[in-house]
Amino acid sequence: MAASPKDPLDWAALLQLQMDEAFDLILRSEAGGGECDLSPPVDIFETPDAFSVEFDLPGTDPADLSLKLCCNMLILEGVKRDDSREGASYLCLERRFGRFCRAVEIPPTVDVNAVRADYRRGVLTVTFPRLSDRRKVMRDIPIIQGDN
């Protein structure tokens, strides 16, 4: 049985991640190709101190990658170049090449200013440290009663 989040913000982040995965699957199945033909596999995990995203990018040159943060979305774009052997007659060719993109929603409980990205052995790991005080994410808004 999966562990249940205790913090309401963690529930919201979990729901957002699940919805993003569902919409990503629907869009990929309906798109049938286009500008971003590939979507690299991703692992998303958290620890008490950080939220991390790992992209599986074997054979991809780091110079061919673009990593951006837009609002609460982490966006990876890039290209995996075709390194087929010229003149070779392939009996099996399962690897795919071309442009790829992947977007992952980042929970509001992380410090986006302290993000770190490391590329090692074909895996891009993006780590966001947790905010030390999660109450900074939510704030009370006073309600002013009008004269009616």
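Is R81 buried or exposed in this predicted model? R81 is exposed, with a relative accessible area of 52% (buried means under 20%, exposed over 50%, partly exposed in between, with a 1.4 Å probe and protein chains only). Residues are numbered from 1 along each chain as its sequence is written. The model is predicted: local features need pLDDT of at least 70, side-chain atom pairs count only at pLDDT 80 or more, totals for chains, interfaces and linings use all residues, and side-chain values use heavy atoms, without hydrogens and water.

**View A. The sheet β3-β4-β5 is open and antiparallel.** Strands are DSSP runs of E with at least two residues, numbered from the N terminus, and two of them pair if DSSP finds at least two bridges between them. β3 (65-70) and β5 (98-105) are the edges; each has a single partner strand, so one side of each lacks a neighbour in the sheet. β4 (residues 73-80) pairs with β5 over eight bridges, and E77 stands opposite C101 in β5.

**View B. D64 and R81 form a salt bridge.** The closest N and O atoms are 3.1 Å apart (cut-off: a side-chain nitrogen of Lys or Arg within 4 Å of a carboxyl oxygen of Asp or Glu). D64 lies in the loop between β2 (50-56) and β3, and R81 in the loop between β4 and β5, so the pair ties together parts 17 residues apart in sequence. D64 is buried, at 18% relative accessible area.

**View C. E46 forms a salt bridge with R130.** Their closest N and O atoms are 2.1 Å apart. E46 belongs to strand β1 (residues 42-46) and R130 to the segment after β7 (123-129), so the pair ties together parts 84 residues apart in sequence. R130 is buried, at 11%.

Definitions and conventions
Helix = DSSP H or I, 4+ residues; strand = E, 2+ residues; numbered from the N terminus.
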